[in-house]
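Student: Could you walk me through this model, starting with how the chains meet?
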There are 2 protein chains.
Amino acid sequence: MERIKNYIETNRERFLGELFGLIRIPSVSASEASKPDMIRAAEYIRDLLSGNGADRAAVYPTEGNPIVYGEKLIDPSLPTILVYGHYDVMPAEPLDKWVSNPFEPEIRDGKIYARGADDDKGQLFMHLKAFEMMMATDTLPCNVKFMIEGEEEAGSTSIAGFCAQYREMLSSDVILISDTTMISSDTPSVTSGLRGLSYIQVEVEGPDRDLHSGIYGGAVVNPCNVLCDIISGLKDSDGRITIPGFYDEVAVPSDEERAKMAERPFDPEKYRKSVGVEALASEKGFSTLESTGIRPTLDVNGIWGGYTGEGAKTILPSKASAKISMRLVPFQKAEKIAELAISHIKSVAPAGVKIKAEYLHGGEAYVSPLDTPEYLAAERAYEEIFGKKPIPVRSGGSIPIIATFEKILGVKSILMGFGLESDAIHSPNENYPLENLFAGMRAIPLYYKYYTEMKAAQ
Amino acid sequence: MERIKNYIETNRERFLGELFGLIRIPSVSASEASKPDMIRAAEYIRDLLSGNGADRAAVYPTEGNPIVYGEKLIDPSLPTILVYGHYDVMPAEPLDKWVSNPFEPEIRDGKIYARGADDDKGQLFMHLKAFEMMMATDTLPCNVKFMIEGEEEAGSTSIAGFCAQYREMLSSDVILISDTTMISSDTPSVTSGLRGLSYIQVEVEGPDRDLHSGIYGGAVVNPCNVLCDIISGLKDSDGRITIPGFYDEVAVPSDEERAKMAERPFDPEKYRKSVGVEALASEKGFSTLESTGIRPTLDVNGIWGGYTGEGAKTILPSKASAKISMRLVPFQKAEKIAELAISHIKSVAPAGVKIKAEYLHGGEAYVSPLDTPEYLAAERAYEEIFGKKPIPVRSGGSIPIIATFEKILGVKSILMGFGLESDAIHSPNENYPLENLFAGMRAIPLYYKYYTEMKAAQ
């Protein structure tokens, strides 16, 4: 452990230089124009892996963005950890909200500011360097495999096929992922549950061209107004979603589970202030933490239609569109929820408009058991680094691929994240504290150690 | 009359060249970047006026876009016609829907295709050439003044001040405007009423940055969803506007008036097909023509918020905005309606969001009496050109400045428009049939003639 700490001290500047090199590649998976950058980022990671002693390090082309694989197998009788991460990032827009260039990392107040500084280039990088250090100090206690994809922010469309094709190569005992947050260094936590996601896009088409809103207004259905009616009708005044069948499969936690969840230290006032609103709002009958942890929800992620420039243009627009996503809980199925939503939207649309709707992507929710070596090894690693046992937390976010891993590879995932809520992932001025970056690098080798020991003791 | 016809034949190509020159100046008043083009367009019109013998032709700077003035006063005992028009145009977006460049006029199937081909460069140009022809043929029967502004599509903010400042210079007996449509060459019509307009912009602000929709979704109010709720609530299921006080001043036409209005030839099926929808929709209890002619309405002209690029970005947006306009009927007041709307929107917004709303522009509705020389001269001019007495029609559009003229200058306006509904003004592929352009040039000198005669006979 001391050797790992010293290794970090000695190599700190080189480590940051390598991470910054990765961040500078604008690998935005939502943009078709970023294709060459996706390949550059994948090759960059492949070179880090092979440079640090991984075998079979290679970039695997897919129909979408490539997947990087590498491994170090030291003994078939020892357990195997499969590390998953992603090198793609969210779009950086709105660019004018960034203090510094999103693709030119800058350290301010002990934090790296850049798109991907946390999600997931920063967190993924901790695993690459933990591997380098275990190799260099000859302390790698088990087998390790890496699978790093480039489509996580855009639906992970290729990785299910990759898992199915290379099932044997990917065989492992646990999948280790750092792509989540903890409460704070004072209150460490491990994400024990994630919501699922069902993301759709809806277009309402009215007249076949933009019309003069004076000449036609009042006689021709306005697609912007209709879209607002449709979206407004998707929730009732209690914040419950009105799509028929939406709640049919929702797991209802017991009163005991809800009571335990309420023990988590949480300050709603601090939370409210951290997002800059004057009031929070949850589904009726559920607390803030329950509303993001155990309840499904529906949000408009984007909406557009008609004239959005300066001044006043008097048109009755031809079209209006929205991106709408629903966060899911066990045991809702992402595709089924999308179908229910789309069919409901079509059924409530008035005569005079046409609806086009498509399912963009999604995945099922995830819950981790808390009494397995996979979870307990993480608990011990966090405790050693932060001095306190971490709290298991159900997060509101989604990593849809986790359910896919379990289905195709038959392996559970552990979400050993070191991000903070203040890291502003997916937002302008995303950042990652250096303290968390280096804490993660120290915790990961401990996980390998305790996991190997616990598995041996089983 | 024969001399006018011949003059058009002889000068047809030069006329078109002059009009095309005006259209090629992209004088979009909604865009700050167009300022130099506004000045170019104003100077272009000034030069046409002075070149054709107008006196005092000049460009008057304002705080916004300049106003062009010119006059020909032949005898103070004769009536004076004040011609009003506007050289500014609507934005041309969406550009990809245009068959040809919106600022490079092209003649196809006997129509000029370009932004402003009809509204209002084409219609305004008829007056400039009618003036040239009356001067050249020595048939100008009365005094004439021109007042051509550059902010009609953006609220006509400067012209009220201009009218107040130059009240004496602008003194006249009637204001003549060609900025409206007629039903067709087979069924000529004169616009005898226009709706008013009250245009507002609303911004809903929630969290102080875009948030991750998974981590926060369910606990933090989403401004896009809230904006949809607000807009959806502005109309009830009968299509009635729910803003308290909105209908308080609305003039309710008598059954007799409604019966007379229903006599106008109108084919709802043809109208429906012309806008490419499967069904029309009006306020409950009113026909299509009533809904655009005598009833106020509310339309979203544009809406935007959150992520609108390709793919799926999982954010809970910080802001959402909409442009919302209400068409008004006598005796609604534009500013009061905007105040009612804004105060209602603020009152229904939930805790957790802030509302910013502003009144962009507007104006009151207009109705013309049908038994005055001002109207009857137009009726006779149309009848001579089209072979049929024109039908008086209440149009749904707005020219807010007309009420201002009446208030400040004390003069009634006559809407002698030659456009067609198929001209697609404010839309891609705006066009103006050459037939209408030249019919207008012939009808305008007749109006001067009959108006002068009728006034003399009074």
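Tutor: What follows covers the chain contact, the symmetry and the domains.

Tutor: This is a predicted model, in which local features need pLDDT of at least 70 and side-chain atom pairs count only at pLDDT 80 or more, while totals for chains, interfaces and linings use all residues. Residues are numbered from 1 along each chain as its sequence is written, and chains are lettered from A and ligands numbered from 1 in the order in which they are written.

Student: How many residues of chain B are in contact with chain A?
Tutor: On the chain B side there are 87 residues, in contact with 86 residues of chain A, where contact means that the C-beta atoms, placed from the backbone, lie within 7 Å.

Student: And which strand gives the largest share of that side of chain B?
Tutor: Strand β11 (residues 297–306) of chain B does, with 9 residues; strands here are DSSP runs of E, at least two residues, numbered from the N terminus.

Student: What does β11(B) pair with?
Tutor: β11(B) pairs with strand β11 (residues 297–306) of chain A in the antiparallel sense over 5 bridges, pairing being counted if DSSP finds at least two bridges between two strands. Within this pairing, Gly302(A) has Gly306(B) as its bridge partner.

Student: What rotation superposes chain B on chain A?
Tutor: A rotation of 180° with 0.0 Å of shift along its axis does so, at RMSD 0.1 Å, by least squares on the C-alpha atoms of residues with pLDDT of at least 70 in both copies. That is the relation of a two-fold axis.

Student: New topic, how is chain A divided?
Tutor: Into domain 1 (2–194 + 365–457) and domain 2 (196–250 + 296–359), with bounds from an automatic or database domain assignment. The centres of these two domains of chain A, taken over C-alpha atoms, are separated by 36 Å.

Definitions and conventions:
Two residues are in contact if their C-beta atoms, placed from the backbone, lie within 7 Å. Helices (H or I, at least four residues) and strands (E, at least two) are DSSP runs, numbered from the N terminus.
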